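Let's take a walk through this structure together.

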Amino acid sequence: MKIKLIIFLIGFSFFGYSQKKNSKKSVAIKPRTEFVSDLLSKMTLEEKIGQLNLPTSGDITTGAASSSNVAKNIEEGKVGGLFNIKSVQKIKEVQKIAVEKSRLKIPLLFGMDVIHGYETTFPIPLGLSSTWDMKLIERTAQIAAQEASADGINWTFSPMVDISRDPRWGRVSEGSGEDPFLGSQIAKAMVNGYQQNDLSKNNTILSCVKHFALYGAPEAGRDYNTVDMSRIKMYNDYFPPYKAAIDAGVGSVMASFNEIDGIPATGNKWLMTEVLRKQWGFKGFVVTDFTGIPEMIEHGMGDLQTVSALALNAGIEMDMVGEGFLTTLKKSVEEGKVTMEQIDNAARLILNAKYDLGLFHDPYKYCDEKRAKTEIFTAANRAEARAIAAQSLVLLKNNNQLLPLKKSGTIAVIGPLADAKENMAGTWSVATNMEKSISLIAGIKEVAGKNSNVLYAKGSNLDYDAAFEEKATMFGKTLHRDNRTSEELLAEALKIANQSDVIVAALGESAEMSGESSSRTNIEIPQAQKDLLQALLKTGKPVVLVLFTGRPLVLVEENETVPALLNTWFAGSEAGSAIADVLFGKENPSGKLTATFPRSVGQVPIYYNQKNTGRPLGNKEGKFEKFRSNYIDERNEPLYPFGFGLSYTTFNYSNLKISSDVINFKEKLNVTVDVTNTGNYDGKEVVQLYIRDLVGSVTRPVKELKGFQKINLKKGEKRTVTFEIGIEELKFYNSDLQFIAEPGSFDVFVGTNSSTVNKVSFKLIK
Ligand code: BGC
């Protein structure tokens, strides 16, 4: 870990390292190892085990902290941290119990799922990844840390870096898509944003990378389902973002729910000790996911005592909610199933984190009520969120430059997502204030201004099936189901549609149709809305489809029928304003997909960095060929490839050059390309570089992203973009899991998305 070791200067009474309160003379607290060793030597076995216990705030969130069950456990030294408790006052009250009433006065960690912002909410992670802008992404995590820490939180369960190539899985919304290279850059940016490489500050928080590991590859896309993957695929395609977070100094890791090689991650010693600690050198602590330990009983790994010992032996330090450690570890020590040394080591890692956060110096470091009043959901943070959200939108189609819209005439805004502030923040936004989110209709009214006449109708419910809508709008994310019949809703919509110059159709998924436990087998827009869209198109008015989604959807029909399609994900608390900024051209869309959009759910898993196979279809795409790798009822190619996204302007690529056609293992070469803004607007373009390793000791993907640059070009401006390629870009894990490069020929593709065929070639020699 690169977290600075801090020598705290104290003026605070604590643990006998104290001076008088407010004493001007301060003494240095002992260095971490010594401090924690001293503390451990004073702790009973029960107190050590207590540090490994992470309950939820439970009744504390609803009742008086001091009389709750959790409070009693805190007093007895049986709690190491708490999570999902919101408000600085409550946290302060609970911390007070730990540092005033427990025997050793050890402060608590306060965790929360601060996933894409705190009260100021940014786009869902899949949306954020579509910005391809590492500075912006880091900034979102920094603002999230600033706000969360001002409200008492010192630990976030983020980033979620699980690679996924399966849009049926609802949690694709929480990750950064399908690519290990991009995913690694984002993992690093997020960790840096939260921790700022300095946990001694009061506005940085401990980050927790999750879900280790491979959680994004469940069979059939069904959440929590079995994962079965070759090691070579793990190392090349799924592990890199976790490793990048470790390399960036992340303080903690969360185990995933799934099994790996037949052993649940929570009890998997190979994963938690061999890979994480020995191969990657991780020095922080590992926490289970929610009830990860008792779930191993259901996995069929034994009773609670057995699975708790299994987890500790595997290399888990903290038990989230399961209470397996709390209730069985003492017995397991007595019976020789785990050792005292293991318990000491686990407790040490958690105490180390508390030390690094400065909690032994000041347990109330994050409990400054003044900060809570002035640093959360500020106008400045919201303005940044609005600008960042605009960059996450992906323009998928724009025939005849229907977009941007004019700020005049009559605009009919129609659809169940148009007036849906509760859904704007998207999934996993526990701290957001849904009531304060900006709906699309509110954003359009604000941005379109006085010269436009903005009309609204709901048009349809989320789906015909009310029971489905209930499952899809949990946690208060209601769409206010309308009791009128579908015909009545449609008639009202058609009435305003017919009066309008343009129709903005706000359709797609509700926020809770993606996220945890929201897997889908049908990844289309729900039928009620598809029918509404077709009825709107029949009016003959131009229709802009503003799509809300937490996953890649199958949009074949929409792509064929609507002239303009803007994918907005769930863009956060400022979503409505940001979308309107893009619709009316204040912002030019620049987002690019980080996950492939299939043509059919039957193509899943579908991803750009696939293998060639022995019977590739090659450039015969679109025509079925017997005994080639293709379908008799569908094309191979996706609807929208990885890296795809349009702009209001156009970009031309020319003059692709390579500085040398041979390099050895020590040399580097440059690849240059000229990019010209040939359209009528200033705009941003993500220039993407892919390589193909043509011959290997193991089969290699047809393309792999190895570089990208987001550039801003004024109308008419031309820029030469340069990428450097060296041995690091050419390495991969071979069948012995060695990270190596092999001599041979490589193709280099540069272009506007992963389907580019614009290429140069070179040879790597020894
Ligand atoms: C999720 C985690 C989350 C945890 C704590 C679990 O259900 O899988 O991502 O951090 O709950 O809220």
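How many residues in the shell around the ligand are nonpolar, polar and charged? There are seven nonpolar, two polar and five charged residues, where Ala, Val, Leu, Ile, Met, Phe, Trp, Tyr, Cys and Pro count as nonpolar, Asp, Glu, Lys and Arg as charged, and the others, Gly among them, as polar. Before going on, please keep in mind that this is a predicted model, in which local features need pLDDT of at least 70 and side-chain atom pairs count only at pLDDT 80 or more, while totals for chains, interfaces and linings use all residues. Residues are numbered from 1 along each chain as its sequence is written, and side-chain values use heavy atoms, with hydrogens and water left out.

Around the ligand there are 14 residues, of which Asp113, Arg171, Lys210, His211 and Asp289 come nearest; a residue is near a molecule or strand if one of its heavy atoms lies within 4 Å of it. Glu516 has a side-chain N or O atom 2.9 Å from a ligand oxygen. The ligand taken alone exposes 310 Å², and the protein buries 95% of that (accessible areas come from the Shrake-Rupley method with a 1.4 Å probe; for residues, only the protein chains shown count as cover).

Now look at strand E7 (residues 206–212), which is joined to E8 by three bridges in a parallel arrangement. Strands here are DSSP runs of E with at least two residues, helices are runs of H or I with at least four, and both are numbered from the N terminus; two strands pair if DSSP finds at least two bridges between them. Phe212 has Ala255 of E8 as its bridge partner. E8 also pairs with strand E11 (residues 285–287), again in the parallel sense and over three bridges, with Val253 opposite Val286.

Which way do the residues of strand E8 (residues 252–255) point? Ser252 and Met254 point one way, Val253 and Ala255 the other, and all are buried (under 20% relative accessible area; exposed is over 50%, partly exposed in between, with a 1.4 Å probe and protein chains only). In a regular strand the side chains alternate between the two faces of the sheet.

For a loop residue, turn to Pro107, between helix H4 (88–101) and strand E5 (109–112). Pro107 counts as buried because its relative accessibility is 0%. The C-alpha atoms of Pro107 and Leu351 are 9.3 Å apart, although 244 residues separate the two along the chain.

Strand E21 (residues 669–677) and E24 run antiparallel and share eight bridges, with Val673 opposite Val721.

Finally, find the open sheet of five strands, ordered E20-E28-E27-E22-E23 with mixed pairing. Its edges are E20 (662–664) and E23 (704–713), each with a single partner strand, so one side of each lacks a neighbour in the sheet. Six bridges link the antiparallel strands E27 (residues 744–751) and E28 (residues 759–765), and Phe746 stands opposite Phe762 there.

Note on methods: A polar contact is a pair of N or O atoms within 3.5 Å; within protein, one must be able to donate a hydrogen and the other to accept it, and residues adjacent in sequence count only if both atoms are side-chain atoms.
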